[in-house]
Amino acid sequence: MDRTAEGSGDRAHPHEPHGNGLASRLNWLRAGVLGANDGIVSTAGLVVGVAATTNAAAAILTAGIAGLTAGAISMAAGEYISVSTQRDSERAQLSKERRELAEEPDYELDELAQIYEGKGLSPDTARLVAAELTAHDAFTAHAEAELGLDPTELTNPWQAAISSAISFTLGAILPILAILLPPVSWRIPVTFAAVLIALGLTGSVSARLGGSNPRRAVLRVVIGGAVAMAVTYGIGQLADVSGL
C-alpha cells in the first residue's frame, strides 16, 4: 500500500484549514477590524474637534470617554438587533426544513439530488450522494445544501454585540491617548499621524482578510479618516472663533 496516500485527506495540505467554522471566524475577525476602525475615526474626529476649541485636558478626556461609551453601546445594540433578526430568520428556515423532511421525505430526497446534479454530478451519482447524506444526517444535509446553514453554528447576537463593543473601544482608546499624552502644541499633529497610521493598518488587515487590494483599501480608509478629522477640526475652529 502507498502509505503516502493513506490519510492524505488529513495531511496533504496541513496549512489549509477546512473546518466548517472558518468562514464564520474570518467574518467575525473582519467585523472586529471594522469595528476598531469605526472607533478610531469617530473618536478621533470628536477629540480633535474639541481640542480645536480648548486646551483643557479634562474637557478633551470627557468628550473622548463620552464618544467611546456612546459609540460602543450603539455598536453593540446595533449588532445585537441585526444578528438577532438574522438568527430568528435562520431558525425559521431550519424549522420549516425540519417539518418538510418529516412530512415529505421522498420529495426532499429528490430535491437534494437535484441540487447536487445542478452542481455538476451525474443523475445517478447525485442520487447516490443525496441518499447517503440523508441516511447519515438528513437535516444537516438539507440545511447546508438548500439553505447554506450549519445548524450547529448559528449566529450568536451576544457574541456579535460584545465583539463590536470591545473592538470599538480598543479603536477609540488610541486617539484619546494620542491627543492627551503629547504637549499641547503637538496634540493635533500627533493625533493625526497616529490615527492615519492605525487606519492604514486596519485597512490593510481588512483587505487581506477579504482578499481585496490592500493598497486601495488603505487609501480609502486613510483619506476618509483624514477628511473626518479635518472637518471636525475646522468646525471646532469656527466654533472657537465665533465664541459658541
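Reader: At roughly what angle do the axes of helix α4 and α5 cross?

Author: In this predicted model, helix α4 covers residues 105-118, and its axis comes within 8 Å of the axis of α5. The crossing of α4 with α5 is right-handed. Because angles from 65 to 115 degrees count as roughly perpendicular, α4 is placed roughly perpendicular to α5, the angle of their crossing being roughly 110°.

Reader: At which residue does α5 bend?

Author: Helix α5 spans residues 123-147 and has 25 residues, for which a straight helix would reach 36 Å at 1.5 Å a residue. The end C-alpha atoms of α5 are, however, only 21 Å apart, short of that span. A bend of about 125° is found within α5, and the residue at which it occurs is D137.

Reader: Are α3 and α6 roughly parallel or roughly antiparallel to each other?

Author: Helix α3 (residues 57-103) and helix α6 (residues 157-180) pack with their axes 8 Å apart, at an angle of about 160°. The cut-off that matters for this step is 145 degrees, since angles over it count as roughly antiparallel. The two helices, α3 and α6, are therefore roughly antiparallel.

Reader: How many nonpolar residues are there in the contact of α3 with α6?

Author: The crossing of α3 and α6 is right-handed. The residues of this contact between α3 and α6 include two that are charged and six that are polar, while the number of nonpolar residues is 21.

Reader: What separation is found between the C-alpha atoms of G236 and A51?

Author: G236 lies in helix α8, which runs over residues 214-242, and G236 is buried, with a relative accessible area of 5%. Along the chain, G236 and A51 are 185 residues apart, yet in the model the separation of their C-alpha atoms is 7.6 Å.

Reader: What pattern does the chain follow when read along the sequence?

Author: The secondary structure of the chain comes to eight helices, with zero strands. Read along the sequence, the pattern of the chain is α-α-α-α-α-α-α-α.

Note on methods:
Residues numbered from 1 in each chain as written. Predicted model: local features only at pLDDT ≥ 70, side-chain atom pairs only at ≥ 80, totals over all residues. Heavy atoms only, no water. Axes fitted to C-alpha atoms, helices over the stretch in contact; angles between N-to-C directions. Helix = DSSP H or I, 4+ residues; strand = E, 2+ residues; numbered from the N terminus. Parallel < 35°, antiparallel > 145°, perpendicular 65-115°, else oblique. Left-handed = near helix turned anticlockwise from the far one by under 90°. Nonpolar A, V, L, I, M, F, W, Y, C, P; charged D, E, K, R; others polar. Expected span 1.5 Å × (residues − 1). Bend = angle between axes of the 7 residues up to and from the residue. Buried < 20%, exposed > 50% of the residue type's maximum accessible area, 1.4 Å probe, protein only.
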